[in-house]
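Visitor: I would like to go through this model with you. Please show it first.

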Amino acid sequence: MNTTPLPEPKDRPARLTVGVVGAGRVGPALAAALQLAGHRPVAVSAVSDTSRRRAAQLLPDVPVMPPAEVLQRADLVLLTVPDDALPDLVAGLADTGSVRPGQLLVHTSGRYGAQVLDPALRAGALPLALHPAMTFTGTPVDVQRLAGCSFGVTAPEELRLAAEALVIEMGGEPEWIAEENRPLYHAALALGANHLVTLVAQSLELLRTAGVAAPDRMLGPLLGAALDNALRSGDAALTGPVARGDAGTVAAHVTELRRHAPQAVAGYVAMARATADRALAHGLLKPELAEDLLGVLADGTDGTDGTEGDAR
């Protein structure tokens, strides 16, 4: 639950009409959260049948209409489209005169800061970049998950209080990100969250191949503990054969992966190398063991089975 006190009334946005351009997984959830805070969703644009159903579920009775009409109706517009589509969308809305002076335009892209909204700014809009650091399912559970969720906030200094107030009203925690740091900020989140899903999915597949009947039940406590330890202790939480320098065990892993899941070898080796580097830098991996370990990992990428690591 968000325990951050709401800004003083003079710093909080007035009750606003809200529009959503792009009814993907994010926009309807944010609009629903704003509705709980007293704002009023009035229009949403949705193209596919899936997005229309999502809008109907999260924003019942809110009419679906083209983006230009959404902007005509709303004081606050959420631009929740894919990153690559955002610049052209903003430019198009500005060029067609859809943007109104004084209108709050909020995009939720992690990659971009406020500058991507410059065409709308020149038309008189108020630009805000509010990126929720959360994965979305496109269901009502997303609204609940916003409680305590960090938002990467970038906006002109004069709009900072309004941006932070909107985040707090959605249940989130504002975290100010400088314009020039947005790509790095987003890369960090993608590295942790997106790649985690891939790693867990691969692990589940391998456990099934190994005959484990309930791999999710096996992984749940292990991964939960690993994540908690990593968040609390950083690199000091590293465990396992790489951090210990068990070159023979790592060689056996590479051999089995090459046999049963060759598509996973490159990822395993890359992550093992990164883990070894961090373990060595933090004094967890002994230098005399690192040489054999790195040799095994080199063998793992050159097409050999890595078993010669056992004899080193």
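Visitor: In which sense do strand 4 and strand 5 pair?
Guide: This is a predicted model, where local features need pLDDT of at least 70, side-chain atom pairs count only at pLDDT 80 or more, and totals for chains, interfaces and linings use all residues. Residues are numbered from 1 along each chain as its sequence is written, and side-chain values use heavy atoms, with hydrogens and water left out. Strands are DSSP runs of E, at least two residues, numbered from the N terminus; two of them pair if DSSP finds at least two bridges between them. Strand 4 (residues 104-107) and strand 5 are joined over four bridges, and the sense is parallel.

Visitor: Which residue of strand 5 is the bridge partner of Leu-105?
Guide: Strand 5 covers residues 126-132. Its bridge partner for Leu-105 is Pro-127.

Visitor: Which residue in strand 6 is the bridge partner of Pro-132?
Guide: Strand 5 and strand 6 (residues 150-154) run antiparallel, with four bridges. In strand 6, Pro-132 has as its partner Phe-151.

Visitor: Why is strand 5 largely enclosed?
Guide: Buried means under 20% relative accessible area, with a 1.4 Å probe and protein chains only. Strand 5 is largely enclosed by the rest of the structure because of its seven residues, the number buried is six.

Visitor: Is Gly-19 buried or exposed?
Guide: Gly-19 lies in strand 1 (residues 17-21). Its relative accessibility is 0%, so Gly-19 counts as buried.

Methods: Buried < 20%, exposed > 50% of the residue type's maximum accessible area, 1.4 Å probe, protein only.
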